[in-house]
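Here is a friendly walk through the charged pairs, strand pairings and surface charge of one protein model. Have the structure open and follow along.

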Amino acid sequence: MKRTFVLAAIAAVVTTSTVNGQGIPISIGVRASTLGLGGELALGLTDRVELRGVGNYFSLDRDMDLSGTPFNVDLKLRSAGALLDLYLAGPLRLTAGGMWNGNNLSGNATISGTVSIGDSTYTATQVGRLDATLDFKKFAPYVGFGFSGRGRVSFFFDLGLVLQGSPDISYVPTTTLTGAARTTLLAEVDKEITQVEDDISFFKYYPVVGLGLRFKL
């Protein structure tokens, strides 16, 4: 799902609520969750059904040590989506929808000593730099539940899962090795990717825990 599609859907919601003259309730909100900081726009379709457009963003750039190798890690959480809420009783609601998923993790390291790749160890003269990225599929379904007041000003809570699938991992070494030694290195890189994929397989289900405050217009 493209961001432009999500924005167009939100625009259509606003236009519909304005021109039909039926006083359809609209709310705006601010939110903080494991998807980042963001906002939302909600349209009450019926007394028990609500359509929400949401957007989230967070960025973190830091240096950290991974297996004895200093890495610069850049985390970006970017997502937007359309969610449909069904209120069951009082403030309790079930939620389902789709998200544009721009979450991404990248990192790089300049090797100064040795580095382990797969089942082998390489020196800085053999592998001078490592670049790694971790991406997910761009469209991801969302399911969850939560609680939300429906007054003029109210708090809400969301708990759910983004079904983003297994991550796409890239692991690229900068090396002076050639010939058979380079072929062996690339095989060890593939082995390292497989090991990492096994270690983080749980990331195919990204947990969402969020709190927010909404205002009825």
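## A buried charged pair and its network

E40 and R31 form a salt bridge, with their closest N and O atoms 3.0 Å apart. E40 has a relative accessible area of 6%, so it counts as buried, and R31 is buried too, at 9%. Keep in mind that this is a predicted model.

R52 and D85 also form a salt bridge, and here the closest N and O atoms are 2.6 Å apart. R52 sits in strand β3 (residues 49–66) and D85 in strand β4 (residues 69–89), so the pair ties together parts 33 residues apart in sequence. Both R52 and D85 are buried.

D119 and K191 meet through their side chains in a salt bridge (3.1 Å, N to O). This pair links distant parts of the chain, 72 residues apart: D119 is in the loop between β7 (114–117) and β8 (120–123), while K191 is in helix α2. D119 is exposed at 58% relative accessible area, whereas K191 is partly exposed at 33%.

Looking at shared partners, salt bridges join R31, E40, R52, D85, R93 and D158 into one network. The whole structure holds 12 salt bridges.

## Strands around β9

Strand β9 (residues 127–135) runs antiparallel to strand β6 (residues 104–110), joined by seven bridges. Eight bridges join β9 to strand β12 (residues 168–175), again antiparallel. L130 in β9 stands opposite A109 and also opposite P173 in β12.

## A negative patch

Which residues gather in a patch of negative charge on the surface? They are D168, E197, D198 and D199. Helix α2 (residues 179–199) gives the largest share, three residues. D199 lies in this helix and is exposed, at 58% relative accessibility.

Terms used
Residues numbered from 1 in each chain as written. Predicted model: local features only at pLDDT ≥ 70, side-chain atom pairs only at ≥ 80, totals over all residues. Heavy atoms only, no water. Patch = residues over 30% accessible without salt bridge, like charges linked within 9 Å, V, L, I, M, F, W, Y side chains within 5 Å. Areas by Shrake-Rupley, 256 points an atom, 1.4 Å probe, with all protein chains shown as cover. Salt bridge = Lys/Arg side-chain N within 4 Å of Asp/Glu carboxyl O. Lys, Arg positive; Asp, Glu negative; His and termini not counted. Charge placed at Lys NZ, Arg CZ, Asp CG, Glu CD. Helix = DSSP H or I, 4+ residues; strand = E, 2+ residues; numbered from the N terminus. Buried < 20%, exposed > 50% of the residue type's maximum accessible area, 1.4 Å probe, protein only. Pairing = 2+ DSSP bridges.
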